[in-house]
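Thanks for passing this one along.

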Amino acid sequence: MKRAISVGSLEGRGVIELENAILLNPSLFPRKVASYEEDSPIDHECGKFSQNIIRSKVLSSIKAVVLSTKINLLMPFGPMAILVDRLFHSHGWVFVFSLLGIIPLAERLGYTTEQLALFTGPAVGGLLYATFGNAMELIISIHALKSGLIRLVQQSLLGSILSNLLLQKLTLTYHQADTSVDFGLLLMAVMGLLFPAVLHATQTELEYGKSQLSLSRFTSCIMLGAYASYIVFQFKSQKNLELPVYEDKSFDEDASNDAEAPEISMWESMIWISILTGGISILSEYLVKTIEGASKEFQMPVSFLSVILLPVVGNAAEHVGSVMFAIKDKLDISLAVAVGSSIQISMFMIPFCVVVGWMIGCPMDLNFLPFETTSLFMSVIIVAFMLQNGTSNYFKGIVLILCYLIVSASYFEHIDPMSVGEL
C-alpha cells in the first residue's frame with residue numbers, strides 16, 4: 001500500500017512537472033495534437049462559409065446593379081459598337097450602337113452614385129451628384145477637347161441644357177422660391193455665354209480672336225465660384241427647412257418610413273462607379289471619332305446630332321426619372337432632376353471645360369455663336385415664364401415639348417458656320 005501510494009504520488013508529480021514544462025516550452029507538445037489543429041474540419045467549414053459569404057455578396061451586387069432594371073437590356077450594344085468598328089468600319093452604326101450602349105451605363109452610374117451618397121451624407125452626396133450626375137457629357141467633352149473638337153463640346157453641352165429644360169411634363173405645384181434662384185443662375189449662365197458671342201459678332205474686341213478667349217476664361221472662373229456658392233446655399237437652406245417640418249410627428253414618422261436603405265455597400269458602390277465610368281469613357285471615344293462619319297452616312301447636320309440626338313438619348317434615363325417622379329406627386333424632385341441638371345451643365349461643366357482646355361492648350365471659349373445663344377436664351381425665358389406662379393399643368397408641359405420640337409427642326413435646317421473638322 002505504501003509503495004503504491006508513493007508510486008502514485010511520483011506519477012502525479014511527474015504529470016504536474018510535465019504540464020509545467022509544456023506551458024514553458026510549447027514545442028514539447030505532441031505533434032499529433034498540432035496536426036489535429038491544422039486539419040481541423042472547423043477551419044474548413046469557416047473557409048467555406050467565408051467563401052459563400054463573398055460569393056453571395058458578389059451575386060447580390062450584380063443582381064442589384066445589372067439585373068434590377070430592364071434598361072440594362074441595351075448593354076450589349078456597347079460591345080457591338082466595338083465589334084462593328086473593328087470588322088466593318090461603319091461610322092454610322094458605330095455611332096448608333098455606342099449611343100445606345102451608353103444609356104444603361106449612364107443610368108446605372110446615377111444609381112450607384114445615389115447608393116454611395118447614402119453613406120456619405122448630404123454635403124458630400126451633393127458633391128458626388130455634381131460630379132457624376134452628368135458624367136457622360138463630361139467624359140464626352142474631355143475626349144472631344146483632346147481631339148480639338150471645340151464645337152462638338154459646345155453643341156453637346158448646349159443640347160443637354162435645352163433637353164433638360166424643355167422635355168419635361170409638369171402637372172403639380174412646387175416651391176416657387178427655389179425655382180427663382182435656379183432660373184436666376186440659368187440667366188447668369190446665358191449672360192456668360194452671350195457677351196463673348198456679341199463681342200465677337202460685333203467685332204469690338206480689343207485684340208481680335210484673343211479678347212473673347214480671355215473674357216471666356218475669366219467668366220468661367222466666376223461661374224465656377226458662383227456654382228460652388230450655390231451648392232453651399234442649397235445645403236444650408238435645406239438644413240434650415242428641415243427644422244420646422246419635422247415638428248409634425250406624423251410627418252416625421254412618414255419620413256422615417258420613407259428613408260431609403262442602401263442596397264449595396266459603400267465599397268461596392270465605389271467599385272461599380274469605377275467600372276461604369278470606364279465603360280462610358282470607352283464608348284464616348286467611339287462616339288467622338290464617328291460623329292462626323294455618321295453625319296455623312298445619315299445625311300444629318302453635325303449640329304443636329306450634337307445638339308438634339310446625342311443629348312436626348314444620353315439623358316433618356318433622366319427624362320424618364322423626371323416623369324416618374326411627377327407621376328408620384330413629387331414635382332420638386334422632378335424639377336430638381338430637370339432644372340438642377342441644366343444648372344450643373346451651364347454653371348459647372350461648360351466653364352470647367354473652358355478651364356480644362358486652358359490647361360491642355362485647347363482654346364475652348366464661351367462663344368456659342370448667336371444662333372445657339374439665342375436658342376438657349378429663349379428656352380430659359382419660356383420655362384421661367386411658365387413656372388413663375390408656382391403652379392403648372394399638362395398644357396404647360398405640352399407647350400414646352402412643342403417648343404423643343406421647334407428648336408429641333410431649327411437645328412436640322414441650321415448650317416454650322418464653323419465645321420467640326422476645322423477646329
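1. Where is glutamine 203 found? Glutamine 203 sits in the loop between α9 (176-201) and α10 (211-245). Helices here (H or I, at least four residues) and strands (E, at least two) are DSSP runs, numbered from the N terminus. Although glutamine 203 is not a glycine, its phi is positive, about 55°. Glutamine 203 is exposed, because its relative accessible area is 62%; buried means under 20% relative accessible area, exposed over 50%, and partly exposed in between (1.4 Å probe, protein chains only).

2. A word on the ground rules. This is a predicted model, in which local features need pLDDT of at least 70 and side-chain atom pairs count only at pLDDT 80 or more, while totals for chains, interfaces and linings use all residues. Residues are numbered from 1 along each chain as its sequence is written, and side-chain values use heavy atoms, with hydrogens and water left out.

3. Now the overall picture. The protein chain has 17 helices and zero strands. Of its 423 residues, 41% count as buried. Among contacts (heavy atoms within 4.5 Å) with a separation of 6 or more, 81% come from residues 24 or more positions apart. The chain exposes about 23300 Å², and carbon and sulfur atoms supply 67% of that; the areas come from the Shrake-Rupley method with a 1.4 Å probe, and for residues only the protein chains shown count as cover.

4. Please have a look at the cavities. On a 1 Å grid over the protein atoms alone, a cavity is a set of points where a 1.4 Å probe fits but cannot get out, and lining residues have an atom within 4 Å of a point.

5. Which residues line the largest cavity? They are Met136, Glu137, Ile140, Ser141, Ser156, Ser160, Leu310 and Pro311. Two or more lining residues come from each of α7 (135-146), α8 (150-166) and α13 (302-314), and α7 gives the most, with four. By class, the lining has four nonpolar, three polar and one charged residues; Ala, Val, Leu, Ile, Met, Phe, Trp, Tyr, Cys and Pro count as nonpolar, Asp, Glu, Lys and Arg as charged, and the others, Gly among them, as polar.

6. Serine 156, one of the lining residues, belongs to helix α8. Serine 156 counts as buried because its relative accessibility is 6%. A polar atom of its side chain lies 3.2 Å from the backbone oxygen of valine 153. Leaving out residues up to four places away in sequence, serine 156 touches Ser141, Ser306, Leu310 and Pro311.

7. Another serine deserves a glance. Serine 61 is in helix α3 (residues 41-65) and counts as buried, because its relative accessibility is 5%. Beyond residues up to four places away in sequence, serine 61 touches Ile264, Glu268 and Trp272.

8. Is leucine 369 buried or exposed? Leucine 369 counts as buried because its relative accessibility is 11%. This residue lies in helix α16 (residues 369-386), and its phi is positive, near 65°, in a residue other than glycine.

9. Last, glycine 340. Glycine 340 lies in helix α15 (residues 331-360), and its 18% relative accessibility counts as buried.

Note on methods
1 Å grid on protein atoms, 1.4 Å probe; cavity = no way out; pocket = protein on both sides within 12 Å on 5 of 7 lines; lining within 4 Å. Polar contact = N/O pair within 3.5 Å; in protein donor to acceptor, adjacent residues only side chain to side chain.
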